[in-house]
Amino acid sequence: MSLDIFPLAYESFGVRSMATFLETKDLKVIIDPGVSLAPRRFNLPPHPIEVEREEDCWKKVKKYLQRSRYVFITHYHYDHYNPLEVDLLKGKELWIKDYENKINKSQRKRSSDLIKRLGDNSNINVADGREFDVGGTQISFSNPVFHGANDRLGYVIEVFISYKKESFLFTSDVEGPSLEDQITFILEKSPKTIFIDGPMTYMLGFRYSAKSLEDSIENLKRIIDETDVKKMIMDHHLLRDINYKEKIADLYKYSEEKDVQILSAAEYLGKKNDLLEARRRELWHSQKNLI
Ligand SMILES: [Zn+2]
Ligand SMILES: [Zn+2]
């Protein structure tokens, strides 16, 4: 058996999430078991198709959560864990973002609620900067890095898992990565497969600057040049933009020359993207035409 990676819910599947299940001979783990929808996009609420998709994705995450002995939570946004179904985390080995240090006010409140509700039913470990082995599988967590280009939304931790010759890295919500600090752990671990939260281009010129996009592309090129990466799975914030491929066209070209594949989570599974949030206006509009 090797290191098997199963993306469960992502923007490319039509929801907000980075929920991912991994399995080796020794380990069954789910990273960030949460699914959500943008409450408003294009000034519109979620379309019923999105609501249905959210339910389907959550069912799938739940199924894999039940199979997992380990659960990692990289930060406390509701697309990364589900505060309404905390019972599903009971009895698990939890490795979670430090809830006292390098955390903003809103996430401090959420994490303290989560811990209270878990009570004594789980083995809770603060993950930041730590590592451990399960049999022949190695797990490491980065030190906290910014959620995006600054600390306004707090901090996240990155996850690295290796087994035999396979290796995987999960960046969590770096929105790029536009900062040197966010690629340090990636360059150090040199994974073969990386699941990246790509640049937040749907907010370009508002909450995401052209400079952040430019820096992210430079950093992603450095990852291609300086690590053993073969597959870069870019999703989450990046796939909220229907034209995301154009925004990183330069990077696609560069990766092809270097024989590195850039894929969305859906494409990684051989499926087509289904960008429901990015198409929300169209979804509501086509419904109006039917009435
Ligand atoms: Zn987040
Ligand atoms: Zn997120």
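**Figure 1. L22 stands opposite V29 in β3.** The model shown is predicted; local features require a pLDDT of at least 70 and side-chain atom pairs a pLDDT of 80 or more, whereas totals for chains, interfaces and linings use all residues. Residues are numbered from 1 along each chain as its sequence is written, and chains are lettered from A and ligands numbered from 1 in the order in which they are written. Helices (H or I, at least four residues) and strands (E, at least two residues) are DSSP runs, numbered from the N terminus. Strand β2 (residues 18-23) runs antiparallel to strand β3 (residues 28-31), with four bridges between them; strands count as paired if DSSP finds at least two bridges between them. E23 faces K28 of β3. The two strands are joined as a hairpin through four residues.

**Figure 2. β2 is largely enclosed by the rest of the structure, because five of its six residues are buried.** A residue is called buried if 20 or more other C-beta atoms lie within 10 Å of its own, exposed if there are 12 or fewer, and partly exposed in between, with C-beta atoms placed from the backbone. β2 also pairs with β1, in the antiparallel sense and through six bridges.

**Figure 3. Six strands form an open sheet in the order β1-β2-β3-β4-β5-β6, with mixed pairing.** β1 (4-10) and β6 (123-126) are the edge strands; each has a single partner, so one side of each lacks a neighbour in the sheet. From one strand to the next the twist averages 20 degrees. Helix α1 (residues 48-67) packs on this sheet and touches β1, β2 and β3, its direction making about 145 degrees with that of β1. Contact requires that the C-beta atoms of two residues, placed from the backbone, lie within 7 Å. Axes are lines fitted to C-alpha atoms, for helices over the stretch in contact, and angles between N-to-C directions run from 0 to 180 degrees.

**Figure 4. β7 and β8 form a hairpin with two residues between them.** Strand β7 (residues 131-134) and strand β8 (residues 137-141) are antiparallel and are joined by four bridges. V134 is placed opposite T137 of β8. In the turn, G135 has a positive phi of about 55 degrees. Strand β11 (residues 159-163) is joined to β8 by five bridges, again antiparallel, and T137 stands opposite Y163 of β11.

**Figure 5. An open sheet of seven strands has the order β7-β8-β11-β12-β13-β14-β15, and its pairing is mixed.** At its edges are β7 and β15 (261-263), each of which pairs on one side only. With direction ignored, neighbouring strands are turned by 15 degrees against each other on average.

**Figure 6. Helix α3 (residues 180-189) and helix α4 (residues 210-226) have axes that come within 10 Å and cross at roughly 10 degrees.** The two helices are therefore roughly parallel to each other; this label applies to angles under 35 degrees, with over 145 called roughly antiparallel, 65 to 115 roughly perpendicular and the rest oblique. I183, I186 and L187 of α3 meet N219, R222, I223 and E226 of α4. By class, the contact of α3 with α4 comprises four nonpolar, one polar and two charged residues. Nonpolar covers Ala, Val, Leu, Ile, Met, Phe, Trp, Tyr, Cys and Pro, charged covers Asp, Glu, Lys and Arg, and the others, Gly among them, are polar.

**Figure 7. α4 packs with helix α6 (residues 249-257) at an angle of about 10 degrees, the axes being 10 Å apart.** α4 is therefore roughly parallel to α6. On the α4 side, I217, L220, K221 and I224 meet D250, L251, Y254 and S255 in α6. Five nonpolar, one polar and two charged residues make up the contact of α4 with α6.

**Figure 8. The protein chain as a whole contains eight helices and 15 strands.** Its C-alpha trace spans about 55 × 45 × 40 Å along the principal axes. Buried residues account for 49% of the 291 residues. Of the contacts with a separation of 6 or more, 69% are between residues 24 or more positions apart.
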